[in-house]
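Please keep the sequence and the model in view while reading.

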Amino acid sequence: MTDPQLPPTTPHGSVPPIPSPPSPYGTPPSQAAPSYQNPPSYQTPPGAYAAPVGGYAAPAGGYQAPAPAQPRSAVLGIVAFVLSVIAAVVAPIIAGIAGYQIGFQLPTVTQYIDPATSDLSFLSPVRDQVLIGEIGFWAGTLGGIAAIVLGIMAIVKRAGRVWGVVALILAVLGPVIFFVVLGVTLGAGAGAGAVSFYGA
C-alpha cells in the first residue's frame, strides 16, 4: 500500500523531476536574456549652430579673481619725510643762527633808527645774516609744501604710509617751529648784545 503523501515513484524507485512553474513574463527562466544594443547616436540637424568641441572660452573682460596686492615701495613716503625734516629742523636751525647774530648786532644800530619812518636800512650792517635767515625761510617753506603734497600722496597710495603721516605732521609744524626759534634767538642775541654793548 502506498502513502498518499509521497510522490509517485518510477518503476526503478526514483522520484521524477518536478517541472518548473511557467514564467509570468512568458520567457522561460532557463533562456538567456537578450542582449541590448546602444541606441543610435544623436545627429545634429542640418543648419543647427555647432558648438566648439573643447567648450566655450572664457569671455574677454569677464570677472577674474583679483591678484594679490604687490607691496609698494616706501620711497615716496621717505622723500616726503626728508623734505619735512628740512622744513621743521634744518630751516629753524638756519633761522636760529641768523637770528642770534642779528639780535646780537642790533643794539649797535638801534641808535640810528628813525621812528618816524619804516626804513629798514638800519639792517644793512647785518644784511648777510638777514639773507641767511631768508634762505632758511624759503627753503623751509618750499620743503614744507612739497612734504605736505608728497605725504598726502604716500598716505593715499600706501607707498610708505607711516613716513607720509610723520612727514605731514612735521611739515605742518615747520612754520611754527621756525618762527618760535627765530624769536627766541633774536631775543637771546639782543640780550647778549646789549650786555656786551652797554656793559663795555
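## Basis of the model

This is a predicted model, in which local features need pLDDT of at least 70 and side-chain atom pairs count only at pLDDT 80 or more, while totals for chains, interfaces and linings use all residues. Residues are numbered from 1 along each chain as its sequence is written, and side-chain values use heavy atoms, with hydrogens and water left out.

Thr-185 belongs to helix α3, residues 161–199 (helices are DSSP runs of H or I with at least four residues, numbered from the N terminus). Its relative accessibility is 16%, so Thr-185 counts as buried (buried means under 20% relative accessible area, exposed over 50% and partly exposed in between, with a 1.4 Å probe and protein chains only).

Beyond its neighbours within four places in sequence, Thr-185 is in contact with Ala-95, Gly-96, Gly-99 and Tyr-100 (contact means heavy atoms within 4.5 Å).

## Aromatic pairs

The whole structure holds 6 aromatic pairs (rings of Phe, Tyr and Trp, the last by its six-membered ring, pair if their centres lie within 6.5 Å; planes under 30 degrees apart count as stacked, over 60 as edge-to-face and the rest as tilted). Tyr-100 and Phe-104 form a stacked pair because their ring centres are 6.4 Å apart and their planes are at 25 degrees. These two residues, Tyr-100 and Phe-104, are 4 residues apart in helix α1 (residues 75–109), so about one helical turn separates them.

Tyr-100 is partly exposed at 37% relative accessibility, and Phe-104 is partly exposed at 34%. Elsewhere, ring pairs link Phe-137, Trp-138, Phe-178 and Phe-179 into a cluster.
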